[in-house]
Each structure stands twice: as C-alpha cells, then as structure tokens.
Amino acid sequence: MFGTESSLSMFLNTLTPKFYVALTGTSSLISGLILIFEWWYFRKYGTSFIEQVSVSHLRPLLGGADNNSSNNSNSSNGDSDANRQSVSECKVWRNPLNLFRGAEYNRYTWVTGREPLTYYDMNLSAQDHQTFFTCDSDHLRPADAIMQKAWRERNPQARISAAHEALEINECATAYILLAEEEATTIAEAEKLFKQALKAGDGCYRRSQQLQHHGSQYEAQHRRDTNVLVYIKRRLAMCARRLGRTREAVKMMRDVSLNLCLRAIAMHLT
C-alpha cells in the first residue's frame, strides 16, 4: 500500500504544468462542442439530444436493473416505498410553469414511467378549459359542439380523436389548441399547431367582433373567441421562450398585455 502511494505521488510530481494546461484545454473543447451541438439540436427539434438518447437507449437498461433490484428487496421495504409513492402521487400542483401536457409532461412519463397528473389535476384543467373555450352558442358551430364534449373527456386519446373529428368539419381553433397541448411531442410541433390555431382563431374573432352588439348570445361568443385568441398568443410566446427566442417571446407577451388593456378600456367606456 505504501509503495503504491509513493509511486503515485512520484508520477504526479513528474507532471509538468503543460500537462494540466493541455488537459484543461481538451476538456473545455469537448465540453464546448457538446454544448454547441446540444444548443443546435434543441433549437431545431425543441428537445435535448442527450435526453432523447437516455430515454430511448439507456432507460430500458436501467429499468431492467431497477426491476431486478426490486425483486430482491424485502416486503417491508416494498410496502414503505408503495406508501411513499401513493402519498407523492396525491399532491396537486396548479401547473405554475404552464407546462405542455404532450411535449413536457409526457417526457416525464417517458423518463420515470409514472403519470405526473392525477384525475383531480385533469378535472381542474377541464374546468378551466370549459370556462375559457366554451360558451352557450357552441351548438351553432358543429366543430365547437364537438370540442365542448372533448374538453370534458378524461381519456387523452378520446380528446385527441374528437379534435381531429372537429378539424374534419371546419378549421377549429380550440381543436388545434388541444392537439398542440396534448398530441405534439416536441415544442416545435406544438408551435406549428398553435400557429394554425392563431390563423383560425383570428378569423373567428373578427367575425364575432362585428356581431357582438347584436345580442347577449353573440357577446358571449365574442368573449369566448377573445379568450381563445389571447390563450393562443400566450402559448406561442411560451413556445418561443422554450425554443430560445427570448426577445420574440417578450414582444408577444407585451402585445398580449397591451391588447388586454385596450380591451378593458373599451369595455369601460362602452
């Protein structure tokens, strides 16, 4: 043992400062190349290359190791782990980061194999969606009538199927919103769908704006179209922020805030 330590100390003493400089420079160069590639891949696809490789290739290997180790554990430890898991899954979060259900929450499911959302979370989201994206005049638009039922569905595949069914009837902004939130697997795909939703939602907003003073029904429809348009613009700003376009995201959020202020002033004057 003493001879090994002495030989190791002699080897370290023979190293010159040039070796440490070369080692530091090489590691910095490799780290910089990895960082540049990760930045380019994230800008193009909206997700991390290292994370994709880990999920696709490393997770099956690690998952197998976890299963073997869990089989060898005793029953008492298994019961305690199950209790801790059940307690952690009962927590309810109000989604303060406004994560995308398909592109970000599903990524957590791919990595951990656990569902991040509970039924209570889904009920809260369904209430918000019905408040902002539906109104009493949805029966006048067949696509919106389908989406009104879709927001109440608990099964994700049923909601996605209903959104595609609504798009077969007409260009429905809320259908694009649902697909961007739940079917898109990357931020880039979600942004593309939100841009289509913006085009459809802007047309509905302009049409309902001309009819908003013809009755309470049209006024409620215009209020719903306004909520949909504001939501789309806000989510587009979040997509831009996730993809690294910070200045564009800030500009879009400022435009949304300005439009809301102008609308509030106009409603107060009328």
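A cavity is here a set of grid points where a 1.4 Å probe fits but cannot get out, and a residue lines the cavity if one of its atoms lies within 4 Å of a point. By this criterion, in the predicted model, the largest cavity is lined by Phe133, Thr134, Asp138, Asp144, Met147, Gln148, Trp151, Thr174 and Arg224. A search of the whole structure finds 1 cavity of 30 Å³ or more, and the volume of the largest cavity is about 30 Å³. Helix H7 (residues 142-150) gives the largest share of the lining, with 3 residues. Sorted by class, the lining of the largest cavity comprises 3 nonpolar, 3 polar and 3 charged residues.

The overall fold is helical. The protein has 12 helices and 0 strands, and the elements accordingly run α-α-α-α-α-α-α-α-α-α-α-α from the N terminus on. Of its 270 residues, 30% count as buried. Among contacts with a separation of 6 or more, 61% are between residues 24 or more positions apart. In an unreviewed entry, UniProt lists residues 20-42 as "transmembrane region". In the model this span is 100% helix and 0% strand, and its end C-alpha atoms lie 33 Å apart.

The second largest pocket holds about 460 Å³ of space. It is lined by 18 residues, of which Asn106, Glu115, Leu117, Met122 and Pro156 are the closest to its centre. Two or more lining residues are given by each of helix H5 (101-112), helix H6 (119-133), helix H8 (156-169) and helix H9 (173-183). The lining of this pocket divides into 7 nonpolar, 4 polar and 7 charged residues.

Helix H9, which contributes to the lining of the second largest pocket, is mostly covered, with 10 of its 11 residues buried. The buried residues of H9 are Ala173, Thr174, Ala175, Tyr176, Ile177, Leu178, Leu179, Ala180, Glu181 and Glu182. One of these, Thr174, is also found in the lining of the largest cavity. The cover over the buried residues of H9 includes H5, H6, H7, H8, helix H10 (187-211) and helix H11 (216-242). In the loop between H9 and H10 lies threonine 186. This threonine has a relative accessible area of 13% and is therefore buried. With neighbours within four places in sequence left aside, threonine 186 is in contact with Tyr45 and Ala103.

Aspartate 128 belongs to helix H6. The relative accessible area of aspartate 128 is 34%, so this residue is partly exposed. The C-alpha atom of aspartate 128 is separated by 9.4 Å from that of tryptophan 151, a residue 23 positions away along the chain. Trp151 is among the residues that line the largest cavity. Arginine 141 is located in the loop between H6 and H7. Arginine 141 counts as buried because its relative accessibility is 19%, the cut-off for burial being under 20%. Apart from neighbours within four places in sequence, arginine 141 is in contact with Cys204, Gln221, Arg224 and Asp225. Of these contacts, Arg224 also lines the largest cavity.

Cysteine pairing was considered next. The structure holds 0 disulfides. For cysteine 172, the closest cysteine sulfur is that of cysteine 204, at 7.3 Å, which is too far for a bond, because a disulfide requires sulfur atoms within 2.5 Å. Cysteine 204 is also one of the residues in contact with arginine 141. Cysteine 172 is buried, at a relative accessible area of 4%. Cysteine 239 is likewise buried, with a value of 0%.

At 37% relative accessibility, threonine 246 is classed as partly exposed. Beyond neighbours within four places in sequence, threonine 246 is in contact with Ala240 and Arg241.

Key. Residues are numbered from 1 along each chain as its sequence is written. This is a predicted model: local features need pLDDT of at least 70, side-chain atom pairs count only at pLDDT 80 or more; totals for chains, interfaces and linings use all residues. Side-chain values use heavy atoms; hydrogens and water are left out. On a 1 Å grid over the protein atoms alone, a cavity is a set of points where a 1.4 Å probe fits but cannot get out, and a pocket is an open set with protein on both sides within 12 Å along at least five of seven lines; lining residues have an atom within 4 Å of a point. Grid points are joined across faces, edges and corners, and a volume is the space filled by probe spheres set on the points. Helices (H or I, at least four residues) and strands (E, at least two) are DSSP runs, numbered from the N terminus. Ala, Val, Leu, Ile, Met, Phe, Trp, Tyr, Cys and Pro count as nonpolar, Asp, Glu, Lys and Arg as charged, and the others, Gly among them, as polar. Buried means under 20% relative accessible area, exposed over 50%, partly exposed in between (1.4 Å probe, protein chains only). Contact means heavy atoms within 4.5 Å. UniProt positions are given in the numbering used here, feature names are shortened, and annotations may be inferred rather than shown by experiment.
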